[in-house]
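Please load the model in a viewer and keep the selection panel at hand. The stops below proceed from one selection to the next.

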Amino acid sequence: MASTETKTATDAGSVEAGLDALETAVAGRTPFRQTFVRKILPPIVATVVVLVIWQALISLRIVDDPTKLPSPSDVGGEFKRAWLEGKLLGYIWTSVSRGLLGFLFALAIGTPLGLLVARVRFVRAAIGPVLSGLQSLPSVAWVPPAVIWLGLDNQMMYAVILLGAVPSIANGLVSGIDQVPPLFLRAGRTMGATGLKGAWHIVLPAALPGYLAGLKQGWAFSWRSLMAAEIIASSPDLGLGLGALLENGRNTSSMSMVFEAIFLILFVGIAIDLLIFSPLERWVLRSRGLLVKS
Amino acid sequence: MATALAKAEEAETVEYAARIEQVSKSFAGPAGRQLVLDDITLDVAPGEFVTLLGASGCGKSTLLNLVAGLDRPTAGSIATHGRPALMFQEHALFPWLTAGKNIELALRLRGVPKSERRGRAEQLLELVRLQGSYGKRVHELSGGMRQRVALARALAQDSQLLLMDEPFAALDAITRDLLHDELTRIWAETGLSVLFVTHNVREAVRLAQRVVLLSSRPGRVAREWRVDIPQPRRIEDAPVAELSLEITEVLRGEIRRHGQH
C-alpha cells in the first residue's frame, strides 16, 4: 500500500513536470539579421527615398527657387559650417539641457499632483477635469502671459515647459492608478498590504505602465512648448537654442538654416524618445508580458 | 522545523480554525435590501478540509470574503486566528515581479527578515514542484503553474487557514486533476485548514473531509456530508462518483425550488 502511494505521488510529479514543459513556450533570441531587416532597414530606406525625391525636385528644376527649397547639399553645407564653427553641439545642448531640466521639474511636480488627484476624492472633483482639459490647450498659448509675468529669461522658458508637461504627467499617473485591477488590490489586502504599504508595493508598480506613457507624452509636450517659447521669445541674452536658430534663419531669409533647425528639432525629439522613453516602456511592458514580440 | 511543531501544538489547544456564527449578509440592491447569506453557522476544525458547494447565487464567494476580512457581515460573528490566506480563481500574481519575488512579497509583508526570504521562497516553490522557476515572469508560466505559484504565495503568509475561491475553475481538466493531487499532498504535509469554495460536486468530494451544501438566494447551510473515502482519491473512483451523485441530486432539488415560484 505504502509503495503504491509513493508511486502515485512521484507519478503525479513527473506528469506535472511533463505538462509544465509542454505548456511553457520556448523563447529564443531574434537573430540580428532579422532585427536589421525588420526594424532598422525600413527607416533607412524611407530616409533615402525622401532625399532622392528632394534632390530630384531640385535637379529636375521642378522647384527652382533656393529661397523656397534649398538643395540637400546646401542644408548639408549649413550643418558642416555650424559643426566646423563648433556651434552645432552648442545649439543642441542649449535646448536639450533646458528641455530636460524643465522636464525634471515637471516630473517632480506632476507626480505628487497625480497621486493627489488619483487618491483624494475632493482634489479629483476639484481639479481633475481642469487637469485633463489643460492637455488639449496648446502650450504656445502660455508664452505671452509667461513673457509678461517673468520677462524674457530662462524662468519664462521653464514656466512654459511646466505648464505643458505637468498635466500630461499627472494625467498619466491618474489613469495608470485608475486602471489597477481591483483583484490586485484585494490580493494585496489579504497579504497585509494596506495604506501606504499597499500604495508602495501594489498600486504604484501596477500603475507604472500608465505613468510611463504619461512621461513619454510629457516629454513630447515639454519639447514642443520649449520650441514654441524659443521661437517666439528669442533674445540674444537667452543663448542660441534650436528655436532661436529657426527664428534667425527666418530673419536672415536663409532657408538652409531654417531646414537645419527643423531637422535638429526633429532629430532631438526622436533621439530622446528612442534612447530613453521607448526602451524604458518596452522593458516594463515586456517584463510584464504585455508586449507581443512582433 | 521547531516552529512548525510549536504551531502544531498550538493548533491542538484551539478547537477551530474558523468559527462562523449566525452570519448574515445583505446588500443594497435595485429591489431594496437583498439578503445574500442567512444565518450561516459553520466551524472549520484545525487541519480540516471543508468544501463549500453551491449553485450560482448561494453567496459562497461572499462568505469567503467575509472570512478573509475583506468585508463585514451584517449580523453574526466570524473568528479566525490571524489573517487567513486567500486564493482566487484568477492567479492574482503581480506581473511586475518574478514568481519568486511574488512569494517574497508575501514574506516581506509578514515581516520575515530579508536574509531569510530567498531561501524560504525557494522552499515553497519546491513544495509546489516549481523548483527552478524562481526567476520566471508570471507570463512565462502556464495556467497551472501560475496557480501553483499563487498557492505557494498563499502558503508564504504562514496562516493556519487557507481560503480558496474556485481556484481551479479556469484550468483545463488534465491540469485540474494534477492540482487536486498536489493540493491534497500539500494539505497533508502542512496540516493546514482549508475552506474551499466550488460549484463542482466531484471536485468537492475529491478533496474534502466534509462537504457543506449551501442553498441559493439566500445562502443557507442546506446539508453536510462527511467524506470518509481514504486519500489519495481520484476523481474517477467509484465511491467519489457515488457520493457525488447523491449530492448532485440534493443540489438539483435545491435549484429546482427556484423555478417553482
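**A tour by selection**

Begin with chain A: the C-alpha centres of its domain 1 and domain 2 lie 30 Å apart. To display the two parts, select residues 33-64 of chain A for domain 1 and residues 71-287 of chain A for domain 2. Please bear in mind throughout that this is a predicted model.

Next, select the whole of chain B, which holds eight helices and nine strands. With a radius of gyration of 19 Å, close to the 18 Å that the globule rule gives for 261 residues, chain B is as compact as a globular protein of that length. Its C-alpha trace spans about 60 × 40 × 40 Å along the principal axes. Among the contacts of chain B with a separation of 6 or more, 72% join residues 24 or more positions apart.

In which order do the six strands of the open sheet run? The order is E5-E6-E7-E3-E8-E9 in chain B, and the pairing is mixed. Strand E5 (85-87) and strand E9 (220-226) of chain B each have a single partner strand and stand at the edges, so one side of each is left without a neighbour in the sheet. From one strand to the next, the twist averages 20°.

Select Leu213(B) and look across to E9(B), where Arg223(B) stands opposite.

The following stop is the largest nonpolar core, which has 134 residues; Val160(A), Leu163(B) and Leu195(B) touch the most other members. Helix H9 of chain A, residues 195-232, gives the most to this core, with 16 residues. Centre the view on Leu163(B): leaving aside residues up to four places away in sequence, Leu163(B) touches Leu64(B), Val67(B), Ala68(B), Pro84(B), Ala85(B), Leu86(B) and Leu195(B).

Finally, show both chains and select the contacts between them: 30 residues of chain B are in contact with 27 residues of chain A. On the side of chain B that touches chain A, two or more residues each come from E5, helix H3 (99-109), helix H5 (143-156) and helix H6 (173-190) of chain B. Which element gives the largest share of that side of chain B? H6(B) does, with five residues.

Conventions: Residues are numbered from 1 along each chain as its sequence is written. Chains are lettered from A and ligands numbered from 1 in the order in which they are written. This is a predicted model: local features need pLDDT of at least 70, side-chain atom pairs count only at pLDDT 80 or more; totals for chains, interfaces and linings use all residues. Helices (H or I, at least four residues) and strands (E, at least two) are DSSP runs, numbered from the N terminus. The radius of gyration is taken over C-alpha atoms; the globule rule is 2.2 Å times the number of residues to the power 0.38. Two residues are in contact if their C-beta atoms, placed from the backbone, lie within 7 Å. Two strands pair if DSSP finds at least two bridges between them. Axes are lines fitted to C-alpha atoms, for helices over the stretch in contact, and angles run from 0 to 180 degrees between N-to-C directions. Domain bounds come from an automatic or database domain assignment. A nonpolar core is a set of buried Ala, Val, Leu, Ile, Met, Phe, Trp, Tyr and Cys residues joined through C-beta atoms within 7 Å. A residue is buried if 20 or more other C-beta atoms lie within 10 Å of its own, exposed if 12 or fewer, and partly exposed in between; C-beta atoms are placed from the backbone.
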